[in-house]
Amino acid sequence: RSSAASDVYKRQKYIRSAYLFIKHAHPLEAVPAEEVDFMKAECRFFIAYYNSMMAIAYGSVPIIREASESTSADDLMLKQEPFYNVIDWADQEMLEASKQLPATQTEDKKYGRVTSVGCLAMRARILLFAASDLVNGNPALANIKNIDGTPIFNSAHDPERWKRAVDACKLVIDEAEASGYHLHYEYLDNGDIDPFLSYQNAVMKRWNCLLYTSPSPRDMRRS
């Protein structure tokens with residue numbers, strides 16, 4: 001199997017696993033209903049994420065909306081969807097998933113798990129790509145079509161795509177700041193912000209409160 005085919009297979013496998021979890025997971029004595037709901041919302045995010053990543057990588061892909069229990073070739077051979085169909089579907093799925101996720105994690109063992117802010121940040125990133133000239137009205141892509149003749153990309157530039165991307169970015173910034181996220185700052189001896197060290201240590205210093213990454217429980221206890 002080629003690396004590209006292997007990549008698609010893995011992402012489809014992840015999507016199927018997420019759907020199966022959503023369908024079958026239920027509360028246990030050690031796992032309360034609220035935690036199960038959070039995990040299901042995380043799965044919903046990952047389903048949208050992997051679908052959108054395949055669209056960004058390959059253009060036209062099927063939208064996997066469920067874990068099929070059928071073994072029929074007709075049921076399993078899903079139709080490819082145009083690029084923006086996938087992006088718009090993933091956009092709405094991530095937005096809905098963000099409403100069911102916590103803005104921050106309060107336990108060390110949960111640090112790194114999906115948060116509502118992280119979900120919104122990825123949504124904004126995807127919409128920014130979808131608005132860019134790489135795909136939004138790119139004349140080099142105008143004649144690329146599915147086997148049934150459906151265009152994969154829009155042939156005309158759509159300025160509304162940029163407005164949606166801007167709105168998504170504004171939403172994640174507002175939600176992040178309201179939840180205690182902020183840019184990482186380093187200061188000079190005179191109290192001014194050191195722009196070089198601030199940028200460097202945003203990715204080099206552990207337990208910083210960089211915007212769009214979850215403030216760690218350890219950092220929040222110190223603040």
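The model is predicted, with local features needing pLDDT of at least 70 and side-chain atom pairs counted only at pLDDT 80 or more, while totals for chains, interfaces and linings use all residues. Residues are numbered from 1 along each chain as its sequence is written, and side-chain values use heavy atoms, leaving out hydrogens and water.

Let's begin with empty space. Rolling a probe the size of a water molecule over the atoms shows where such space is left. The largest pocket holds about 690 Å³. A pocket here is an open set of points on a 1 Å grid over the protein atoms alone, where a 1.4 Å probe fits, with protein on both sides within 12 Å along at least five of seven lines; lining residues have an atom within 4 Å of a point. Its volume is the space filled by probe spheres set on the points. Of the 24 lining residues, Gln12, Pro62, Ile64, Leu76 and Leu78 are the closest to the centre. Two or more lining residues come from each of α1 (3-24), α2 (33-58) and α3 (73-76), helices being DSSP runs of H or I with at least four residues, numbered from the N terminus. The largest share, five residues, is given by α1.

Now look at the aromatic rings, where the structure holds nine pairs. Rings of Phe, Tyr and Trp (its six-membered ring) pair if their centres lie within 6.5 Å; planes under 30 degrees apart are stacked, over 60 edge-to-face and the rest tilted. Phe45 and Phe46 make an edge-to-face pair, 5.1 Å centre to centre with 65 degrees between the planes. Phe45 is buried at 7% relative accessible area, whereas Phe46 is partly exposed at 32%; buried means under 20%, exposed over 50% and partly exposed in between (1.4 Å probe, protein chains only).

Our last stop is helix α6, residues 160-178. Buried in α6 are Arg161, Ala165, Ala168, Cys169, Val172 and Ala176. Seen down the axis, the buried residues of α6 fall within an arc of 95 degrees, so they line one face of the helix; the arc is that of the directions from the helix axis to the C-beta atoms. On the face turned away from this buried side, α6 carries the exposed residues Val166, Glu177 and Ala178.
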